[in-house]
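Here are my notes for you on this model. Keep the structure open as you read the points.

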Amino acid sequence: MPAIASTSGSDAGVPSNARKGLLDRVLGIFTDVHGGEGVTAILLMLNIFLLLAAYYMLKVIREPLILTTPGGAEVKSYSAAAIAGLFIILVPLYSALASRVSRVKLINSVTLFFAACLVVFFLLSQTGVPIGVAFFIWVGIFNLMVIAQLWAFANDVYTVEQGKRLFAIVGFGASLGAIAGSFSTGQLVKSYGPYPFMLGAGALLILCMVLTNVVNGREKRTRAARPIPPADAAAGPSAAESPVASADAPVRGRSGFALVFRDPYLLLIGLLMLLINFVNTNGEYILGKMVLGAYIAEHGAAAVAGLDAKKVIGEFYGNFQTVVNVLSALIQAFVVSRVLKYFGVRVALLAMPAVALIGYTAMAFVPLLSFIRGVKLAENSLDYSLQNTTRNALYLPTSREAKYKAKQANDTFFVRFGDVLSAGLVFAGTTWLGFAPREFAITNVALILVWLVLAVAIGRLFKRLAGTA
């Protein structure tokens, strides 16, 4: 059984009948917000807004950089193996760092490292060094690690009950940030090319780090002023430990991989992450292949290596991501909190695989770019809203070490190992089996059936754990 989380989240001592301010009432339009909870929710929302804006700047520009390398669509799939291999090293290093420093020092260190990397990539691009493959691998590491640790921070801030209500607000910031990043980059990349956006994303990362420190300082002050609940005091010194000391203390214990493989609940989440990304990456390969094929049909194969191809494909992906993120924001604002409130996590876990099952089944019979684009719009918009909020909420009833370490393993290695499996499928399908988009879609249908079984099992365990946390 996983270690059960403490119920003393950052705002856990705020009574549900506390007087609501204006901000609390405004946020109450979207979800149930208790008095005094609005400020922290908005700060976390702004933090993840900036983080996702930075990521989507990089996500848009990485596509033309990788797709215009020789064998671009295939290289994109095979790069996942390198990312997964690196995570075998990076996850234990991250766990070791988490065991030695406080949560805010952990987040600051990782954020500064990635911001410095962006400056290096920009300088290399100005000297003519080809960075397409290396940058694609780096973005694949960056986006998973920094987003996972911010959601771990949010899980540490909130209790199970609060997270189920307030994660919808935090996730809305992610949806808005994705819109801002993809739309601005998609509109400007044709004029400026992909490279200046690396510096812009680096600046946003520094702002994210500042916001994290503001939230951490505010929550420490709030916790220090809050009396220890009588139930915790009666339970003894361990339960009555200062929440401020807990926030400042390193996250001791086992490494992320050890936690996952010793706990059935965490392992099932890891397998779910693997399977979701396996299906999604297969779909991205289908879309990328169709986009590249459409460009070649119009301009010829020789034009793929030129700067114009980078700009045109970058514009397509910028516009595609903008539509995805607008749909995600609408779902996040008006659907997610209501699904979690009225149907719960168990039902929310089943929404995306149900939609994907219908979409890929239909895609197998209509392998056209416009239709495939529509299927991916539906799949990705749910993935970035309801599915994203729900899978992050799965860690609410777990321990701090599971939030920071096991989540890092599941959200990085297992996700990228799904990419590795997809790369193996792409290699086998294109080299030996003669797969066209139709056959890849049929494969996804089979995988989604397994995904549904995993989602049902995880939903049952979450309900049991949440009831005892």
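1. Asn-277 sits in helix H11, residues 264–299. Helices here are DSSP runs (H or I, at least four residues), numbered from the N terminus. At 14% relative accessibility, Asn-277 counts as buried, meaning under 20% relative accessible area with a 1.4 Å probe, protein chains only. Neighbours within four places in sequence aside, Asn-277 is in contact (heavy atoms within 4.5 Å) with Val-415, Arg-416 and Asp-419.

2. A word on the source. This is a predicted model: local features need pLDDT of at least 70, side-chain atom pairs count only at pLDDT 80 or more, and totals for chains, interfaces and linings use all residues. Residues are numbered from 1 along each chain as its sequence is written, and side-chain values use heavy atoms, with hydrogens and water left out.

3. Ser-381 belongs to helix H14, residues 369–393. Ser-381 counts as buried because its relative accessibility is 4%. A polar atom of its side chain lies 3.0 Å from the backbone oxygen of Ala-378.

4. Now the charged pairs. A salt bridge puts a side-chain nitrogen of Lys or Arg within 4 Å of a carboxyl oxygen of Asp or Glu. By this rule there are 10 salt bridges. One joins Glu-37 and Arg-165 at 2.8 Å, N to O. The two are 128 residues apart, with Glu-37 in the loop between helix H1 and H2 and Arg-165 in helix H6. Both are buried.

5. Helix H14 holds Lys-376 and Glu-379, three residues apart, about one turn. Their side chains form a salt bridge of 3.1 Å, N to O. Lys-376 and Glu-379 are both buried.

Key. Buried means under 20% relative accessible area, exposed over 50%, partly exposed in between (1.4 Å probe, protein chains only). A polar contact is a pair of N or O atoms within 3.5 Å; within protein, one must be able to donate a hydrogen and the other to accept it, and residues adjacent in sequence count only if both atoms are side-chain atoms.
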